Amino acid sequence: MALFLFLNESTWTRPGLSSPLRPICDLRVLDHFIKEAWDAEAAMRACKDACSIATNFTAPLTRVDFDVWEAMNIEEQAQEVQSGLHVLNEAISSLQASNQTDVLQSHIDASISNIASIRQVLRSLSIPEYVPPTSGGEDKEMQKVSSVSELFQVHINFLRGKVRLLLANAPVCHQGVS
């Protein structure tokens, strides 16, 4: 929790001030969110039948073809990450309506809050925000998962993969580095 407070205090501007956010280039911030996602997934896995929901969730693909990723420009990478975060947020938010235990509900709420914080980190790095696609076609970078535990496993892998790659290579974090 201390890291989250650090994140808030060091990046948000005071009311009335329009100064830009300070870039957050320390990947330990992301590691904190990954650990919390691990905790949520473990809680969902331990819950088994009591946490089962008879629905499929749309989730982002987590595999990374490094040749394709490296060929993408930062805006394309950002769009893929932001789109994935949007889809994860929608799927995890849909769990709020289910009747989960208080412990599981706290993991769901924390996951939603962490996604919002990750978006704040991305904003601090001048990474473009999510822009919904103009075409009505289904996104090729999505998959269906059939359990809450699997959804949280996708969440972990997405953070460890595409989000980490985007943050580690954010141009603002490499300015002045030779």
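Visitor: How many disulfides does the count come to by the distance rule?

Guide: In this predicted model, the count comes to 1 disulfide. The bond joins Cys-25 to Cys-173.

Visitor: What makes the pair Cys-25 and Cys-173 a disulfide?

Guide: The S to S distance is 1.9 Å. The definition asks for cysteine sulfur atoms within 2.5 Å, so the pair qualifies. The link connects distant parts of the chain, 148 residues apart. Cys-25 lies in the loop between helix H1 (2-11) and H2, and Cys-173 in the segment after helix H6 (148-168).

Visitor: Why is the disulfide of Cys-25 and Cys-173 called left-handed?

Guide: The torsion about its S-S bond is about -90°, and therefore the disulfide is left-handed.

Visitor: Is Cys-173 called buried or exposed, and why?

Guide: Cys-173 has a relative accessibility of 18%. Buried means under 20%, so Cys-173 counts as buried.

Visitor: Why is Cys-25 called partly exposed?

Guide: Its relative accessible area is 36%. That value falls between the 20% and 50% cut-offs, so Cys-25 is partly exposed.

Visitor: How do you know that the span of helix H2 is close to the expected one?

Guide: Helix H2 (residues 28-47) has 20 residues and reaches 29 Å from its first C-alpha to its last. The expected value is 28 Å at 1.5 Å a residue, and the span is close to that. Among the buried residues of H2 is Glu-41.

Visitor: What is the C-alpha to C-alpha distance from Glu-41 to Gln-153?

Guide: Glu-41 and Gln-153 are 6.2 Å apart in space, although 112 residues apart in sequence. Gln-153 is found in helix H6.

Key. Residues numbered from 1 in each chain as written. Predicted model: local features only at pLDDT ≥ 70, side-chain atom pairs only at ≥ 80, totals over all residues. Heavy atoms only, no water. Helix = DSSP H or I, 4+ residues; strand = E, 2+ residues; numbered from the N terminus. Expected span 1.5 Å × (residues − 1). Buried < 20%, exposed > 50% of the residue type's maximum accessible area, 1.4 Å probe, protein only.
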